Amino acid sequence: MNAPATFALHTYGCQMNIRDSDLIARRLRAAGFADAPTEDEADVVIVNSCSVREKAEEKALGKLGLLCASRRGRPGRVIGLTGCMANRLGPEVFTLLPALSFSVGPRAGASIPDLVRRALGGAERLFVPDPPSAGPQEPAPSGSGPAERGPVQSFVTILYGCNRHCSYCIVPHVRGREESRNPHEIVAEVRAEAARGARDVCLLGQSVMRYGLLGFSWPDDLPSPAGFTEPLPRLLERIALDVPEVPRLRFTSGHPAGVTPELVRAMREIPAVCAHLHLPMQSGSDRILREMRRGYDSEGYLRAVRMLHEAVPDIAVTTDIIVGYPGETEEDFEATRRVMEEADFDNAFVFKYSPRPGTPSSLLPDDVSDEEKRRRDQVLLADQDARGQRCNNRWVGRTVEVLAEGPSLRNERRWSGRTSQNKIVVFEPKPGLRAGDLVPVRIDSARPQTLYGELCG
Ligand code: SAM
Ligand code: SF4
C-alpha cells in the first residue's frame, strides 16, 4: 500500500484563520492524509492568507511564489491557497501564480480534501469561490488543535462575515455578509473541543456582539434560566450550562455598540465568562472615528469601557489602533494618546494604516508618510508599555487562578499559563502538573506583557 500523501499548512492573519487552518488539517487527516514532518517535505502545502493589510498579502504572495517555483523540480507537488486573498483575487490569482494548483474561499473549506485529491491526480488551477451562505456546518472531525496554541485553548467561529463597512476595512468585501451560526451547532462544537481537552474557548466573530441580531431566531428549546433576552448572553449562558468542562469562555472582537447592560450582566454573572474584552477603538479622535464610520465617538467608547469596569471587577480591556489614517493630524494623534490613557488599556495592538482596494478610504490620499506612521506606532507602543507595566503592577502580591498551558517558550524549565484577564503568567511547575489544570499562583513580579509568580499550595 502506498504511504498517504502528506500536507502542511502555512497560516497568516487573525484567530479566525488559525481556526480555519485547524479545521482544514482535521478534515485532511480524516480524509486519510498525513501531517508532513516539515513543510519542505510536504506533498501538499496550503497557504491560508490574510488581506487586512497590504504587507500581509505581500508576505503570502512571496511565500506562494516560492512554493509554486518548487513545483518545477517536483511537478507532483500540490500548492493551494485559501483565506481572504482567495476571495479578493478570484480566478485572477492564476494570472499572478500560474503554477498554483487550487484556490478556495474561506467559507468553502469543506471542499479542500476533494480539491487536494483532484490536484494530486493531475488537475490544475481549480477554483472554488465562497458560497453565498456558509449554511449549516458539518461537525469538525475530532483531532488535535493548532500546534501553536496547544490543546488547552480553542477558537470556535460563531459569526461569519461583517456588515459594518468601516471605511478602511476589506473584511466585508472578502468575508461576505454577516451570518450567525445556530446555537445547537455551536454548543456541539464547544463540547467536541472540550472532549479533546480545550479548557479556554474563545468565540469568534469580526463584530462578535452582532451575533444573532440578523436573520435569526433563537430556538425555543434553549430557554434562558437567568432571563437573558439578547442572543450573545443567551449563547454564553447556554455553553456554560451545557459544557461545564470548559471553565473559561471568551468572545472577540467587541464593538462599543454591543456593550449592553445585559451583556455586561452576563460577563459579571456567568462564572465561566472571562474578565477580558478586546474592544478595538481604532482612534481617539472624533473626527477620524467619524471618517472611519465606526459608529461611536471617543465619549461613547469610554462610556462602554467604564460600564465594563464598573460591572466586572478586575476586567482587562485591550484594543486595536490604526495610526496614519488619511488626514490624521498631530492633533488627532494626540487625542488617541489621551483617550488610550483614559481607557487604561491592558494591552493594545497598533497597526499602520494600509489602503485596501475597494474600500472607501482607499480613494483618499494616503497622506501620512511611512516614516510618520512608524513614529506614531512607536510612540503608542512606548505609551502602552508604561501603561501595561502599571496595569500589571496591580497584580503583584495577589494570588490569581492560572490555567496551566505547558512549558514556557523562553525557558523550558518554567511553565506558562493565563489568567481570566488573558495575562500570561510564568511560574515553576510542580511534579504532576498537567496542561489544563487550574492552579493558584501568587504573583511576585510583573512586566508589561507578563506576570511572574509561584504556585501556591
Ligand atoms: N473586526 C474587528 C474590529 O472591528 O475591530 C477586527 C478586524 S481586523 C481583522 C483587525 C484589525 O486590523 C482592526 O481592528 C484594525 O485595527 C486593523 N485594520 C483593519 N483594516 C486595516 C487597514 N486598512 N490598515 C491598517 N489596519 C487595519
Ligand atoms: Fe472591518 Fe469594521 Fe467589520 Fe471590524 S467591524 S471587520 S474593522 S468592517
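# Exercises on a predicted model

The shell around ligand 2 divides into six nonpolar, two polar and two charged residues. The model is a predicted one, in which local features need pLDDT of at least 70 and side-chain atom pairs count only at pLDDT 80 or more, while totals for chains, interfaces and linings use all residues. Residues are numbered from 1 along each chain as its sequence is written, chains are lettered from A and ligands numbered from 1 in the order in which they are written, and side-chain values use heavy atoms, leaving out hydrogens and water.

**Exercise 1.** Name the residues around ligand 2 and sort them into classes.

*Solution.* Start with the rule for being near: one heavy atom of the residue lies within 4 Å of the molecule. The residues found are Cys162, Arg164, His165, Cys166, Tyr168, Cys169, Val171, Pro172, Gln206 and Arg294. Next, apply the classes: Ala, Val, Leu, Ile, Met, Phe, Trp, Tyr, Cys and Pro are nonpolar, Asp, Glu, Lys and Arg are charged, and the others, Gly among them, are polar. The sorting gives six nonpolar, two polar and two charged residues.

**Exercise 2.** Is strand 13 buried or exposed, and which way do its residues point?

*Solution.* Buried means under 20% relative accessible area, exposed over 50%, and partly exposed in between (1.4 Å probe, protein chains only). Strands (E, at least two residues) and helices (H or I, at least four) are DSSP runs, numbered from the N terminus. Strand 13 covers residues 316-323, and eight of its eight residues are buried. In a regular strand, side chains alternate between the two faces of the sheet. Here Ala316, Thr318, Asp320 and Ile322 point one way, and Val317, Thr319, Ile321 and Val323 the other.

**Exercise 3.** Find the strands that pair with strand 13.

*Solution.* Two strands pair if DSSP finds at least two bridges between them. Strand 12 (residues 276-278) pairs with strand 13 in the parallel sense over three bridges, and His276 stands opposite Ala316. Strand 14 (residues 347-352) is also a parallel partner of strand 13, over six bridges; there Thr318 faces Asn347.
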